[in-house]
Amino acid sequence: MLGLAVGLLIGGPLPIVLLIVAGVLLGHQVDGLHVLPGTEKAPPPTPSRVSQDTAAQRHFARHLCALFIEVARADGELVRDEVRVVREYFAERLRYGPEALELVRRFLKEHLARPPSLEDSTAACRDELGVPARLLLLDALYVLALVDGQLHRAEQDTLRRVADGLGLNEEQLRSVTARHFGDGEVHYTRLGLTPDASDTDVKSAYRRLAAMHHPDRVAQLGPGAVEQASRRFQEIREAYEKIRGLRGT
C-alpha cells in the first residue's frame, strides 16, 4: 500500500508498478522478522515419519491386546462385556479411530488363537510407557477383571505378574487397587484386624473365622440359624477377598 501511494505521488505507470513490487517485497521481509514464536507453520509429516508412527502404534496395540487377553482368559473365555472394556480403553483413553480399532479387533482375535508371552508384552509396555500411562493400563486391566463383579485368584495372580512386569512398586500398585477396593478399613474390621496386619495374620484370621461361622456348625439349630450363619460366613469371605485384591496377593 505504501509503494502504491508513493508511486501515485511520483506519477507514471512504470514508477507505480515498480514501487508496488518493492513494497510487497519489503513487507514480506518485515513480516518475517516479526513473526511470533510458535506461530510458524509446522512442516507436513514426511511419508517415512507417518510410516514410523503407524508401525509404532501397531506394535504398541499388539502388546496391549496381549495383556488384556491374559487377564480376560485368567477366569475363562473372553466374554462380551470384557470385549467392551477393551474397546473403550482404546477408543476413549487412547483415542483410537475406526481403522485403529479394527486393528485392535484383529490383534485380539490373533492372541486368542495363539496367546503371546506375558513377560514379553509387559516388558514392551514398560519400555514404551511412562509410569502414569502404566498405572492407567493396570487400572483398565482391573476394570476388565472385575466385569463379573469379583476378582478371582487366577486373575489376581495375573494382575500381580503384570504389575511386576510393568515395573510398578507396591505403593503404585496399591494406588490402583485402592480405587477398586477402597482403603480396606471395613474389611479388616470384619476379620478383627487393622490395616497393618501381615498377610499371614489376614489368612489366619480368615480361616479361623470361616471355620467358626460355617453354616454346617449350626445346622441343628434350624433354618433361621443357618441363614444368619451363611450371611456372616459370606461377609467374612468377601472381606478376605477384598483385602487380597487390595494387596494384590
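**Entry 1. Conventions.** I number residues from 1 along each chain as its sequence is written, and I use heavy atoms for side-chain values, leaving out hydrogens and water. As the model is predicted, local features need pLDDT of at least 70 and side-chain atom pairs count only at pLDDT 80 or more, whereas totals for chains, interfaces and linings use all residues. Helices are DSSP runs (H or I, at least four residues), numbered from the N terminus.

**Entry 2. Helix α7.** I looked up the span of α7, which has 15 residues. From its first C-alpha to its last, α7 reaches 21 Å, close to the 21 Å expected at 1.5 Å a residue; the expected span is 1.5 Å times one less than the number of residues. I then listed its buried residues (under 20% relative accessible area; exposed is over 50%, partly exposed in between, with a 1.4 Å probe and protein chains only). Among them are Arg134, Leu137, Leu138, Tyr142 and Ala145.

**Entry 3. α4 against α7.** I found helix α4 (residues 80-93) and helix α7 (residues 131-145) packed at an angle of about 155°, with their axes 9 Å apart. Axes are lines fitted to C-alpha atoms over the stretch in contact, and angles run from 0 to 180 degrees between N-to-C directions. The angle makes α4 roughly antiparallel to α7 (over 145 degrees; under 35 is roughly parallel, 65 to 115 roughly perpendicular, the rest oblique). Contact (heavy atoms within 4.5 Å) involves Glu82, Val85, Val86, Tyr89 and Arg93 of α4 and Leu136, Leu137, Asp139, Ala140, Val143 and Leu144 of α7. I class these residues as eight nonpolar, no polar and three charged; Ala, Val, Leu, Ile, Met, Phe, Trp, Tyr, Cys and Pro count as nonpolar, Asp, Glu, Lys and Arg as charged, and the others, Gly among them, as polar.

**Entry 4. Asp139.** Is Asp139 buried or exposed? Asp139, in helix α7, is buried, with a relative accessible area of 7%. Not counting residues up to four places away in sequence, I find that Asp139 touches Arg93, Val176, Arg179 and His180.

**Entry 5. α7 against α8.** I found α7 and α8 packed at an angle of about 170°, with their axes 11 Å apart. That makes α7 roughly antiparallel to α8. Leu138, Leu141, Tyr142 and Ala145 in α7 meet Glu155, Leu159, Val162 and Ala163 in α8. The residues of this contact are seven nonpolar, no polar and one charged.

**Entry 6. Val147.** I located Val147 in the loop between α7 and α8 (153-165). Val147 is partly exposed, at 26% relative accessible area. Val147 and Glu82 lie 65 residues apart in sequence and 6.6 Å apart in space, C-alpha to C-alpha.

Note on methods. Helix = DSSP H or I, 4+ residues; strand = E, 2+ residues; numbered from the N terminus.
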